[in-house]
Amino acid sequence: MELDLAGAELKAVLNRLRRAQGQISGVIRMIEEGRDCEEVVTQLAAASRALDRAGFAIIATGLQQCLTDIENGRKDGEDPHAMRARLEKLFLSLA
């Protein structure tokens, strides 16, 4: 299964990942500066949420593409049940 992010979807995912990247850099800096534990954990939680949202957006796009492929009768040799099982495993990896 190949992921095809286009236009607004790609921009949204990249923005979330860049936000997470900035937040992680901030967490590292806060730890190096000896900042308050509560502030560090709050920032780390925000980075984690940004990564989760990017992951869910990627999985949602993959699900949408798979459904479209099935509806259009595209045959790439993969059993639809096997495809579903792989997507479910990916989704659960973020849970």
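Here is a short walk through the structure above, from its overall layout to one patch on its surface.

Keep in mind that this is a predicted model. The chain holds three helices and zero strands, and its elements read α-α-α when you start at the N terminus. Of its 95 residues, 21% count as buried. The chain exposes about 6900 Å², and 56% of that area is supplied by carbon and sulfur atoms. Turning to contacts between residues at least 6 apart in sequence, 72% of them join residues at least 24 apart.

Now follow helix 1, which covers residues 7-32. After helix 1 comes Gly34, with a positive phi near 70°.

Helix 1 also has a part in the surface. Leu10, Leu14, Leu17, Ile24, Ile28 and Leu51 make a nonpolar surface patch of about 440 Å². With five residues, helix 1 gives the most to this patch. Where does Leu51 sit? Its place is in helix 2, which covers residues 37-71. Leu51 has a relative accessible area of 39%, so this residue is classed as partly exposed. That value also meets the patch cut-off, because patches are made of residues with over 30% relative accessible area.

Key:
Residues numbered from 1 in each chain as written. Predicted model: local features only at pLDDT ≥ 70, side-chain atom pairs only at ≥ 80, totals over all residues. Heavy atoms only, no water. Helix = DSSP H or I, 4+ residues; strand = E, 2+ residues; numbered from the N terminus. Expected span 1.5 Å × (residues − 1). Patch = residues over 30% accessible without salt bridge, like charges linked within 9 Å, V, L, I, M, F, W, Y side chains within 5 Å. Areas by Shrake-Rupley, 256 points an atom, 1.4 Å probe, with all protein chains shown as cover. Salt bridge = Lys/Arg side-chain N within 4 Å of Asp/Glu carboxyl O. Buried < 20%, exposed > 50% of the residue type's maximum accessible area, 1.4 Å probe, protein only. Contact = heavy atoms within 4.5 Å.
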